[in-house]
Every structure is written in structure tokens, then in C-alpha cells.
Amino acid sequence: MAEPSTAGPVALRTSPLSHLEERMRAAAVTGARGVTLAELPFLTMVNVRVDPASEAAGRIGRALGARLPRRCGDTTAHGHRTAVWLGPDEWLVLSRDDPGALTGALREALSGDPGSVVDVSANRTTLELSGPSAREVLEKGCPLDLHPRAFGPGRAVSTTVGPVAVLLWQTDDAPTYRLLPRSSFADYLARWLIDAMSEYGRP
């Protein structure tokens with residue numbers, strides 16, 4: 001009789017794009033027109049709702065190590081934690097912390113004041129698009145002005161890429177972008193990006 005599995009639920013979980021890992025790797029283009037695509041699975045994502053002028057918002061900022069951003073498109077970061085502005089009283093905190101530990105710490109900072117702190121890590125996955133041609137790939141299906149004069153490192157906004165709603169975040173000048181779609185739309189978005197990348201590997 002087979003031995004019972006000792007793997008816990010974390011060890012057994014599968015990312016939304018694990019089945020496309022090889023296709024994304026094969027789609028990579030090197031050189032001056034280079035562009036790569038990869039999934040960054042299982043990042044911790046915590047949704048925070050709180051009055052930005054409240055003492056609770058200040059406590060949450062101190063718990064994160066960075067004040068919550070106040071304007072559309074802004075992010076603030078401390079170490080591996082980044083807070084992204086979603087609305088006048090809403091943020092998404094991205095981290096590699098244990099989701100339970102981070103959610104607990106932020107709820108403790110909220111301390112019963114009006115607001116909410118919710119672990120939404122399973123709601124989205126993260127795609128990373130990087131390389132000299134990454135901006136051109138996105139421009140095929142994103143309505144934003146992505147020129148560096150308008151959108152650069154540290155900027156993050158809700159938009160669409162192709163027909164898919166995403167949170168789009170530029171992390172560096174390479175340029176590197178992180179796209180956060182709902183998990184149920186991740187397969188469509190990844191295939192759309194792979195197709196959009198294909199021309200850059202041709203002579």
C-alpha cells in the first residue's frame with residue numbers, strides 16, 4: 001500500500017501559469033531587441049482599506065516601513081515590501097513575507113479602527129516582462145502612454161493589456177514591468193504576451 005503523502009497544502013499548490021512555464025522560457029528573445037516573460041508565483045498580496053488621514057494609516061505605514069502612497073500611480077517601498085495606490089483609501093501591499101504574518105501585522109496596526117486588511121494573495125498572479133523591447137510589446141495592447149517621460153520606475157496603475165484588466169507596475173529602467181492579472185485571466189494574458197513577443201525574435 002502506498003505511503004500517505006506528507007506534503008502540506010503549500011507544497012502541493014500549483015501556480016496559475018505553471019503549465020506555460022516552458023513556453024514562456026522558449027519565447028525569450030536575446031540581444032538588442034530582447035524581451036523575456038516569466039511568472040513570479042505566490043507573491044503575498046494584502047489589500048488595505050483605511051482613511052489616509054487617520055492615525056491607523058500612520059501605524060500601518062510604520063508597520064510596513066514606508067508611508068502609504070497618496071496619489072494615483074505612486075508606490076512606496078521598504079525592503080521587499082511595496083505599497084501600490086489603488087484608490088483614495090485603498091492600497092495593495094506586495095511582499096515576499098508569509099501572508100499570514102504580514103496580514104496579522106497590518107491588522108494589529110489597524111487596531112480595530114475603521115478599515116480592513118485582507119489577504120488576497122490567491123486572487124492574482126504576477127507576470128514579469130523585461131528587456132529592451134518590453135515597452136513595445138506592451139504598447140501593442142495597452143492604452144497608457146508608457147514613454148519614460150510619462151511612466152517610469154516606481155509607477156503602478158490599473159489598466160488593460162489586450163482585453164485583460166491588470167495592475168501594471170514598472171520596477172526598473174531595463175525596462176522591467178510586473179503585470180498582475182486576476183488568476184482566471186492569467187493564461188489568456190500570458191499567451192497574448194507570448195504572441196506579441198514573437199516578432200522580436202525574427203531577423
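Start by selecting Phe42, which lies in the loop between S1 and strand S2 (44-49). Helices (H or I, at least four residues) and strands (E, at least two) are DSSP runs, numbered from the N terminus. This is a predicted model, where local features need pLDDT of at least 70, side-chain atom pairs count only at pLDDT 80 or more, and totals for chains, interfaces and linings use all residues. Residues are numbered from 1 along each chain as its sequence is written, and side-chain values use heavy atoms, with hydrogens and water left out.

**Stop 1**

Most residues other than glycine have a negative phi, and most peptide bonds are trans.

Arg13 lies over the face of Phe42, 3.9 Å from the ring centre. A charge sits over a ring if NZ of Lys or CZ of Arg is within 6 Å of the ring centre and within 35 degrees of the ring normal.

How many aromatic pairs does the structure hold? It holds zero. To pair, rings of Phe, Tyr and Trp (its six-membered ring) need centres within 6.5 Å; planes under 30 degrees apart count as stacked, over 60 as edge-to-face and the rest as tilted.

Next, show the largest pocket. Its lining has 18 residues, and Arg13, Phe42, Leu43, Thr44 and Ser121 lie nearest its centre. On a 1 Å grid over the protein atoms alone, a cavity is a set of points where a 1.4 Å probe fits but cannot get out; a pocket is an open set with protein on both sides within 12 Å along at least five of seven lines, and lining residues have an atom within 4 Å of a point. The space in this pocket is about 260 Å³. Grid points are joined across faces, edges and corners, and a volume is the space filled by probe spheres set on the points.

Colour the lining by class: eight residues are nonpolar, five polar and five charged. Ala, Val, Leu, Ile, Met, Phe, Trp, Tyr, Cys and Pro count as nonpolar, Asp, Glu, Lys and Arg as charged, and the others, Gly among them, as polar.

**Stop 2**

Select S3, S4, S5, S2 and S6. In that order, these five strands form an open sheet with antiparallel pairing. S3 and strand S6 (116-119) are the edge strands, each pairing on one side only. Neighbouring strands here are turned by 20° against each other on average, direction ignored. Axes are lines fitted to C-alpha atoms, for helices over the stretch in contact, and angles run from 0 to 180 degrees between N-to-C directions.

Zoom in on S3 (residues 75-78) and S4 (residues 81-87), which pair over four bridges. Two strands pair if DSSP finds at least two bridges between them. Look for His78 opposite Arg81 in S4. Two residues sit between the strands of this hairpin, and Gly79 takes a positive phi near 60°.

Move across to S5 (residues 90-95), which pairs with S4 over five bridges. Leu94 in S5 is the bridge partner of Thr82.

**Stop 3: another open sheet**

Select S1, S7, S10, S9 and S8. Here too, five strands in that order form an open, antiparallel sheet. Its edge strands are S1 (36-39) and S8 (156-161). The twist averages 30° from one strand to the next.

S8 and S9 (residues 164-172) pair over six bridges. Find Thr160 opposite Ala165, and Ser158 opposite Leu167. In the turn of this hairpin, Gly162 has a positive phi of about 65°.

Finish at Pro175, in the loop between S9 and strand S10 (176-181). A cis peptide bond joins Ala174 and Pro175, with omega about 0°.
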